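Me: I would like to go through this structure with you and ask, at each step, on what grounds a term is applied.

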Amino acid sequence: MGYVIQTNHLVKQFGQEKAVDNISLAIPEGEVYGFLGPNGAGKTTTIRMLLGLMTSTSGSIHIFNQDLNKERIDILKHVGSLVENPSYYPHLTAEENLEVFRKVYGVPKSRIREVLGVVRLSDVAGKKVKAFSLGMKQRLGIAIALLHQPKLLILDEPTNGLDPSGIIEIRHLIKRLPDEFGMTVLISSHLLSEIDQIATSVGIISEGKMIFQDSIENLREHAQQNVVLRVSDSIAASQALLVRGVDAKNQDGRVYLHENSDDHVSQAIRMLVQDGYAVYRAEEEKRSLEDIFLAMTKGHAS
Amino acid sequence: MIGQLLRSDFLKIRRKGFWLLTVIGPLGVVFMQTVNYGVRKDYLLKQSDDNWSYYLSNVNMFTPLALVLGIVILTSLMASVENETNAWKQLIALPVSKMTVYLSKFTVLAALLLVASLLLMLFTLGYGYYLDLGTDIPYIDVVKFSFYPYIAALPVLAIHLWIALVSKNQGVPVTTGVIGVILTYMSYNLPDWLIWKWPALMNGWVEPLTIVWLGIGFGVLLYLAGMLDFVRRDVT
């Protein structure tokens, strides 16, 4: 499996400040790659460089194994994009907006009907876009990005400003793309929960630097899980467990078990019950991805 | 590639008043003379033996101003079409070179102004017939008075288009536009090297035809300079 996007020590400097500092992206074919980072981390700047909207200060970008500096036009024929807020011409209808881009891509007129169907805007094809809701405009933006059947789709914060139903709809749409159309998708977001639900691999960027890049499963493995027990006397109970060789810790009046396999947990509870402690609650404390993300970005900042 | 972009750009300018302006400009210029001749036709006809030439020079008094005003409005309208929702980021991410994008914008406006000049010629002739200025119609002069100012105004188009397309703050093209129109309005008192004076075709040092060649030469130069600067810039 090849890489669709590869950047090599990419740097973008604005004056003294490095907005993007030494980023080496590697996005495998057929993946939904979640590009994560807090606002102002350099996601949009990176994406603008990938689309040739900005020139890099140093480093190289290869898309489809072609050098972006040399073969920009060739590459862009197979790239669809939606960067931040959707761009459209409000005085034109949805159909005319697509026609503006269709003329340049030189794809058949039938594609307009098709993409309008994909984003469910067929009913309002003849309406001026200025009357659209934000969700409809966003969907039109995705339709524009899909118009020429790109092999790579780059979406920058596509769910920004949408209501929950709009977010779910866009999410379903994005999930379908790799399988149905054989696309590779790069999607950026500052919301980890968003990426968690659609991405298959993840890159995390903070203050212009890449701090994590791997599959989503590996990111989840960082989410170390504890089992928490609420018992009658947590100090004594945790000591009783320690004495019997169970890795337990007393914290905030609760007992934390580090080993969280079913066997270990049931064994520990049996021990406590036999020793006469009352067990009120046994629950799994999942360290959310948010926590990992915060820990990573904080660790980086300090 | 440029053909596809041009068709796309002509579609974008629909319903934005571009075409309306293209018709109103020359109509306004000739309308000034319908007022002028409507009020004091007898007096005006006495001013000269050659009624057609005198009429043409009257029409031409307002042509440069209308032309520069049109350029200023059209260039900032053109920029506003893309600036409104920052469609630049979508446009530049298309598989076309940035140079072609710029060329297409320039060509659309040059074409609109050419249509306006053509209309000016037709309106001038039409009202001239109506005034019954004589059978000896100086067709060559009518063509010259209609198209020379247009060609002489190409440098002005190039510079205002560049300012409009690269300015983040639309106050800049508005300000320079107002200055450009004022310069054209008082061009009689201005030094000859100022490009805003050229559409008036009155010039102490050269023939009108030379101004036309200068217009083409400097038009191309300023166009190239603007395009190279546009290509160099990042899209934000």
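Reply: Two strands pair if DSSP finds at least two bridges between them, and helices (H or I, at least four residues) and strands (E, at least two) are DSSP runs numbered from the N terminus. This is a predicted model, in which local features need pLDDT of at least 70 and side-chain atom pairs count only at pLDDT 80 or more, while totals for chains, interfaces and linings use all residues. Residues are numbered from 1 along each chain as its sequence is written, and chains are lettered from A and ligands numbered from 1 in the order in which they are written.

Me: Which strands form the open sheet, and in what order?
Reply: In chain A, 6 strands form it in the order β7-β8-β9-β4-β10-β11, with mixed pairing. Its edge strands are β7 (79–82) and β11 (209–215) of chain A, each of which pairs on one side only.

Me: Why do β8 and β9 of chain A count as paired?
Reply: Strands β8 (residues 152–156) and β9 (residues 184–189) of chain A share 5 bridges in the parallel sense, and therefore meet the requirement of at least two. Within this pair, Leu153(A) stands opposite Val185(A) of β9(A).

Me: What lies across β4, β8 and β9 of chain A?
Reply: Helix α6 (residues 164–181) of chain A does, running at about 155 degrees to β9(A), where contact means C-beta atoms, placed from the backbone, within 7 Å, and angles run from 0 to 180 degrees between N-to-C directions of axes fitted to C-alpha atoms, for helices over the stretch in contact.

Me: How many residues does each chain bring to the contact?
Reply: Chain B brings 24 residues and chain A 25; on the side of chain B, the largest share, 6 residues, comes from α1(B).

Key:
Contact = placed C-beta atoms within 7 Å.
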